[in-house]
Amino acid sequence: MDKNIFMASCPICGRSLFKGTPDSYIEGGCPKCKNYLKISYTPNGVQSVVCVVKDEKENILMPKR
């Protein structure tokens, strides 16, 4: 019986990142382009989603000194 192993790569820069089996899930960062990824392995392949984290510093208004 063959066990499927899929390779996930970053959808932004294309760097190969993680191996996984069907019906598994992993989160991690790409060291090349610094994007955070959520990767789901399905019985038919891989789904990679880029997470956008809003920087908290953008919301803080600092007075000029």
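Q: What pattern does the chain follow, read along the sequence?
A: The pattern is β-β-β-β-β. The count is zero helices and five strands. Keep in mind that this is a predicted model.

Q: Fine. What's the average pLDDT of the chain?
A: The average is 83. Of the residues, 77% score at least 70.

Q: And which elements have the lowest and the highest mean pLDDT?
A: Strand E5, residues 45-51, has the lowest at 89. E4 has the highest at 93.

Q: Which strands form the open sheet, and in what order?
A: Three strands, ordered E3-E4-E5. The pairing is antiparallel. E3 (24-29) and E5 are the edge strands, each pairing on one side only.

Q: By how much are neighbouring strands of the sheet turned against each other?
A: By 20° on average, with direction ignored.

Q: How many bridges between E4 and E5?
A: Seven, in the antiparallel sense. The hairpin joining E4 to E5 has two residues in the link.

Q: Which residues of E5 stand opposite Leu37 and Ile39?
A: Leu37 faces Val50 across the pairing. Ile39 is opposite Ser48.

Q: Other side of E4 now. How many bridges join E3 to E4?
A: Six, and the two strands run antiparallel. On this side, Ile26 stands opposite Ile39.
A: Leu37, Ile39 and Tyr41 are on the covered face. Tyr36, Lys38, Ser40 and Thr42 are on the uncovered face.

Q: Switching to the core. Which residues make up the largest nonpolar core?
A: There are nine: Phe6, Ala8, Cys10, Leu17, Phe18, Cys30, Leu37, Ile39 and Tyr41. Strands E1 (6-9), E2 (16-20) and E4 (36-42) each give two or more residues to this core.

Q: Which element gives the most?
A: E4, with three residues.

Q: Take Leu17. What is Leu17 in contact with, neighbours within four places aside?
A: Met7, Ala8, Ser9, Cys10, Cys30, Pro31 and Leu37. Among these, Ala8, Cys10, Cys30 and Leu37 are listed with Leu17 in the core.

Q: How many bridges does E1 make with E2?
A: Four, and the strands run antiparallel. Ser9 has Ser16 in E2 as its bridge partner.

Q: What about the hairpin of E1 and E2? Which residue takes a positive phi there?
A: Gly14, with phi near 90°. That hairpin has six residues between its strands.

Q: Which residue takes a positive phi in the hairpin of E3 and E4?
A: Lys34, with phi near 65°. This hairpin also has six residues between the strands. Lys34 is not a glycine, yet its phi is positive.

Q: Where does Lys34 lie, and is Lys34 buried or exposed?
A: Lys34 lies in the loop between E3 and E4. Lys34 counts as exposed, at 68% relative accessibility.

Q: Now Asp23. What is its phi, and where is Asp23 placed?
A: Phi of Asp23 is positive, about 65°, although Asp23 is not a glycine. Asp23 sits in the loop between E2 and E3.

Q: Is Asp23 buried or exposed?
A: Exposed, with a relative accessible area of 65%.

Q: Back to the whole chain. What share of the residues is buried?
A: Buried residues make up 18% of the 65 residues.

Q: Last one. What share of the contacts with a separation of 6 or more comes from residues 24 or more positions apart?
A: Such residues account for 18% of those contacts.

Note on methods:
Residues numbered from 1 in each chain as written. Predicted model: local features only at pLDDT ≥ 70, side-chain atom pairs only at ≥ 80, totals over all residues. Heavy atoms only, no water. Core = buried A, V, L, I, M, F, W, Y, C linked by side-chain atoms within 4.5 Å. Buried < 20%, exposed > 50% of the residue type's maximum accessible area, 1.4 Å probe, protein only. Contact = heavy atoms within 4.5 Å. pLDDT = per-residue confidence, 0-100. Pairing = 2+ DSSP bridges. Axes fitted to C-alpha atoms, helices over the stretch in contact; angles between N-to-C directions.
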